[in-house]
Amino acid sequence: MKILMMSDSPMLMTGFSNQARNIARELSKEHEVYYLAHNYAGQTINYSKIDGEEFPFKIIGNGRMQYGQDVIQPYLK
């Protein structure tokens with residue numbers, strides 16, 4: 001199963017980001033997870049380790065439009 005979720009950014013320490021990151025991490029053990037980070041203004045990150053923390057899912061940067069409206073379409077298809 002492919003799962004697309006959205007939150008601020010898995011690298012932030014907000015309550016919602018923490019919970020979304022934990023859910024994405026658990027789901028990625030059995031599924032292909034894509035995480036649209038609408039407060040991350042960077043390039044897509046594929047399954048990496050950042051500052052010693054493992055992110056076993058693809059992190060998609062926001063793009064130019066609010067909530068990733070301009071980058072989400074290929075992932076929905």
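The legends below describe close-up views of a predicted model.

**Figure 1. The open sheet of 4 strands.** The strand order is E1-E2-E4-E3, and the pairing is mixed. Strand E1 (2-7) and strand E3 (45-50) are the edge strands; each has a single partner strand, so one side of each is left without a neighbour in the sheet. From one strand to the next, the twist averages 40 degrees.

**Figure 2. Pairing of strand E2 with strands E1 and E4.** E1 and E2 are paired in the parallel sense over 6 bridges. Within this pairing, Val33 in E2 is the bridge partner of Ile3. Strand E2 (residues 32-37) is also joined to strand E4 (residues 53-60), again running parallel, by 3 bridges. Here Leu36 stands opposite Ile60 in E4.

**Figure 3. Strand E1 and the β-α-β unit.** E1, helix H1 (residues 15-27) and E2 together make a β-α-β unit, which is right-handed. The covered face of E1 carries Ile3, Met5 and Ser7. Lys2, Leu4 and Met6 make up the uncovered face of E1.

**Figure 4. The aromatic cluster of Tyr35, Phe55 and Phe57.** These three residues form one aromatic cluster. The whole structure contains 2 aromatic pairs. In one of them, the ring centres of Tyr35 and Phe57 are 5.5 Å apart and the planes are at 20 degrees, so this pair is stacked. Because Tyr35 belongs to strand E2 and Phe57 to strand E4, the pair ties together parts that are 22 residues apart in sequence. Phe55 and Phe57 form an edge-to-face pair, with 6.0 Å from centre to centre and 90 degrees between the planes. Tyr35 has a relative accessibility of 0% and so counts as buried. Phe57 is likewise buried, with a relative accessible area of 0%. Phe55 counts as buried at 2% relative accessibility.

Figure 5. Arg21, Arg25 and Glu53 are linked in a network of salt bridges. In the salt bridge of Glu53 with Arg21, the closest N and O atoms are 3.0 Å apart. This pair links distant parts of the chain, with Glu53 in strand E4 and Arg21 in helix H1, 32 residues apart. Glu53 also forms a salt bridge with Arg25, in which the closest N and O atoms are 2.8 Å apart. Since Glu53 lies in strand E4 and Arg25 in helix H1, the pair ties together parts that are 28 residues apart in sequence. Arg21 is buried, at 6% relative accessible area. Arg25 is partly exposed, with a relative accessible area of 22%, and Glu53 is partly exposed, with 25%.

**Figure 6. The salt bridge of Lys29 with Glu26.** The count for the model comes to 3 salt bridges, and one of the salt bridges is formed by Lys29 and Glu26, with the closest N and O atoms 3.1 Å apart. Lys29 has a relative accessibility of 60% and counts as exposed. Glu26 is partly exposed, with a relative accessible area of 48%.

**Figure 7. Lys77 in the segment after helix H2 (73-76).** Lys77 lies in the segment that follows this helix. The residue is exposed, with a relative accessible area of 78%. The C-alpha atoms of Lys77 and Ile3 are separated by 12 Å, while the two residues are 74 residues apart along the chain. Ile3 belongs to the covered face of E1.

Methods. Residues numbered from 1 in each chain as written. Predicted model: local features only at pLDDT ≥ 70, side-chain atom pairs only at ≥ 80, totals over all residues. Heavy atoms only, no water. Pairing = 2+ DSSP bridges. Helix = DSSP H or I, 4+ residues; strand = E, 2+ residues; numbered from the N terminus. Axes fitted to C-alpha atoms, helices over the stretch in contact; angles between N-to-C directions. Buried < 20%, exposed > 50% of the residue type's maximum accessible area, 1.4 Å probe, protein only. Right-handed = clockwise from strand over helix to strand, strands pointing away. Phe/Tyr/Trp six-rings, centres within 6.5 Å; stacked < 30°, edge-to-face > 60°. Salt bridge = Lys/Arg side-chain N within 4 Å of Asp/Glu carboxyl O.
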